[in-house]
2 protein chains.
Amino acid sequence: MRIFTFCGIELRVLSLVLGFLTLGFGLGRAQEFKPTDADAVREIYDRALVNGAAYENLRRLCKEAPARLSGSENAEKAVHLTAQMLKEAGADTVWLQPVMVPAWERGETQVLLKSPGSQRPLEAVALGGSIGTNGQWLEAEVVELPGIEALKSAPAEQIAGKIVFLNEAMEPRNVNTFASYGACGGNRVFGADEAGKKGAVAVLVRSLTLSEDHHPHTGVMIYRSELKIPGLAISTVEAGRLSQMLAASASVRVGLRLSCRDLGMKPSYNVIGELRGRQFPNEIVVAGGHLDSWDTGEGAHDDGAGCIHSIEALRILAKMPVRPKRSFRCVLFMNEENGGMGAEAYAEFAAQEQTKGILHVAAIESDRGGFTPRGFSYDAQGLGGSAAKQFLDRFSEALTPYQLQLITTEGSGADVGKLHSTGAALFGFLPDSQRYFDVHHAETDRFENVHKRELELGAAAVASLSYLLCQYGITPPTPAKK
Amino acid sequence: MRIFTFCGIELRVLSLVLGFLTLGFGLGRAQEFKPTDADAVREIYDRALVNGAAYENLRRLCKEAPARLSGSENAEKAVHLTAQMLKEAGADTVWLQPVMVPAWERGETQVLLKSPGSQRPLEAVALGGSIGTNGQWLEAEVVELPGIEALKSAPAEQIAGKIVFLNEAMEPRNVNTFASYGACGGNRVFGADEAGKKGAVAVLVRSLTLSEDHHPHTGVMIYRSELKIPGLAISTVEAGRLSQMLAASASVRVGLRLSCRDLGMKPSYNVIGELRGRQFPNEIVVAGGHLDSWDTGEGAHDDGAGCIHSIEALRILAKMPVRPKRSFRCVLFMNEENGGMGAEAYAEFAAQEQTKGILHVAAIESDRGGFTPRGFSYDAQGLGGSAAKQFLDRFSEALTPYQLQLITTEGSGADVGKLHSTGAALFGFLPDSQRYFDVHHAETDRFENVHKRELELGAAAVASLSYLLCQYGITPPTPAKK
């Protein structure tokens, strides 16, 4: 067990040592990583870990504005609350960017599982965007299928008039749980659409989580055809039970009444805070998460944590003894969960700015929860793709002492990804993924399930990469002419 | 979001690709990392993550034999239970190595905080090894000091007759929480000894945790002089309150009665399971954790997890289609927490074996909890030090796909570290450290606070490194002659 202490003098010695090591690698490399960068990253971590504001800000967001469904009253509260936090954090400018978002209301949910001689409530929630049942009680036999591909190839007569149960479990063998999520997300998003086309009356989807628990996990679903039927998620424990019952008996029925409804488009906002750059104010580095959340929990990990990481990054950069060279923007996107309208609006704004010489050089998305930092992903496809990779390589010496070794090509995220056309280098913050789907879109996504230090370390990681990007910028390769 | 699937055929393709990549690096490198190694590690992970035994085995250990204090009835139960688990796991041989261990009993604890006009119970536990109060009520004024160094330099007249309160908080700025633990462990281990020499009547130590909570965290203390006084840990919340009270008023007293006592030496066992190597059965690779625990919780993370990692490694290696080349031993050490007698006994046994041509080539310790794997540490000082580093470098291609990028020189651990003189390469398993001290030596170290997948991934990481060591061995450098 080695003992580290980070009092001023010892840190300075460390910096000198790092400096000499760096010089040893040759002049090209010596220009890339300076002792002052190590000092700056150390200072960022200290500010996040000692008297940081992240944890209390997340508590406020989760408790004062939980369940921040786009267009809801709580989403509106969150807009004003986080704008206030950005002012408190020291932003030079805070503004709200208007954006129209689709509003959907869950209403009441009643779901019963019926087998010969018994009936009981089923652990179920409506998927986001599902139609309701118009006050009617809807009841039918259940037919189980192993997933949306089986549904696509099933004969319509097997499906018509039935409630389709898509029982695809997330693959436990992937270390990266997001890979498993991506692989069976289609059941939730398009299951009802595919089943509706074959005459089913509703769809039950096994919750997208690796844990065996009693919490149904909601999430967006999309209708592509006009044959709309309700879509619901059931808990993984219920999925197991239901499957056993179906194997034992042909007659299992589910009855349901949902009063969810589409409320049309409503006005809302992206929340933006800016710290003006000292030397190149017209070059912008963005860090952001999404402010909306599902209504089942408090939106703590998804994506309260990402918003708070970004607000905290601004707070810390505002306190640096020397203002960073490029402008830093914290962007809290509205409507990531069920529309992406905030990301569209911000990308349009960035494109307009580009015509005025205000350039987005890089953007970081944090939308994988508030867990222990592992590293960063980057978008290898974008105009800034090779520059993004080079940047992470170049500054690995600054980041690896903070256990940020994981570098992947998983892109950035749904919001920042829309900045592709600006040529900005796009990054995603990667926290550990093991616990994320335990709480994702479920009642368990609460403030109490976020670990204080893990949240703070995430803020420090996002702030550190933001700082280095503000200091050094990225020159994206000139786009190839077509 | 990339989608991975690992059905047989696709895995084979991946292996071929990896194989070609490897060949591309030149012959020397191609010999080091074979496609079959990638297949084997993949298979180890699959066995750990799908129908693994780790989680249920940990549940049994924690629920049937919690609070496994050396020499206690529960420690005895744990010996027989884990021996049974090793048989079930497929060990060729399971045996108990007798070892005499110090036994200490907590008994009853009563602690009151008294200030003018009020008194209330204080959140406190006796430190392991503390003397009791011989049935007497012991009460004195409290004097606060910032740590053991301040205590050493304090004048005796400030200390004599008082209860010394050592209020050193763990350093929050270290990403590696073990560094912070190591830096203030001396307060707990030697605080009572130092204070006793200056005439104090008892010592209260701020719990060694980074969380602000209500759980006192126990741990070993050692008397070096005959001036023995009781030692206790108080919760971090109490430490904050007590410090405030002392700042506000000179008259804060603590009264206590402890019936803890030393029960002398008792017979116990290390539990050992062996899987005989196919080609070099006399070369031994060890993976182990410690079977004893403190009595405040269930010993789930500390070190039920490490024991279960090692048992599960044996279970998985026993199921491999081809038996590994070298012998694998799961060693569950008794008495790590308050004596290290199990480690001493096993090291002596290993030295005896060495004289018969049975050689320990490598050993891995898992004693940092059941959290998400980050990587491995190695012992750079030992005879096998450079070989250990080379081995991790050589097989980084096999391990990094499983997010095991963190490599440090933090040594192995208290048990495996005793194998130094055998010349074995010594490793430590490194899970994420952020949550460890939340539960360490406290009532919260329960099975329910271990995450199933994180535990399974730990078992897979330990099993994978064990497998590679069994296949390739390590030739330690010849010890320099003196």
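A residue is called buried if 20 or more other C-beta atoms lie within 10 Å of its own, exposed if 12 or fewer, and partly exposed in between, with the C-beta atoms placed from the backbone. Keep that in mind as we walk through this predicted model, in which local features need pLDDT of at least 70, side-chain atom pairs count only at pLDDT 80 or more, and totals for chains, interfaces and linings use all residues. Residues are numbered from 1 along each chain as its sequence is written, while chains are lettered from A and ligands numbered from 1 in the order in which they are written.

Let's begin with one residue, B:E298. Is B:E298 buried or exposed? Because B:E298 has 29 C-beta neighbours inside 10 Å, B:E298 counts as buried. You will find B:E298 in the loop between β11 (280-290) and α10 (300-319) of chain B; helices (H or I, at least four residues) and strands (E, at least two) are DSSP runs, numbered from the N terminus. Leaving out residues up to four places away in sequence, B:E298 touches B:C62, B:P66, B:A67, B:D445, B:R446 and B:F447. Here, touching means that the two C-beta atoms, placed from the backbone, lie within 7 Å. B:E298 and B:E448 are 150 residues apart along the chain, and 9.9 Å separates their C-alpha atoms.

Now step back to a whole chain. An automatic or database domain assignment gives chain A domain 1 (32-101 + 265-472) and domain 2 (107-259). The C-alpha centres of these two domains of chain A lie 34 Å apart. Across the boundary, 14 residues of domain 1 of chain A are in contact with 17 residues of domain 2 of chain A.

Finally, look at both chains together. With copies superposed by least squares on the C-alpha atoms of residues with pLDDT of at least 70 in both, a rotation of 180° with 0.0 Å of shift along its axis places chain B on chain A (RMSD 0.0 Å). That is the relation of a two-fold axis. In chain B, the C-alpha nearest the axis belongs to B:Q405, 3.2 Å from it. The same surface serves both copies, as 100% of the contact residues of chain B recur in chain A.

How many residues does the contact take from each chain? There are 33 residues from chain B and 33 residues from chain A. On the side of chain B that touches chain A, the elements giving two or more residues are α3 (35-49), α8 (177-197) and α15 (452-472) of chain B. The largest share, 4 residues, comes from α8(B).
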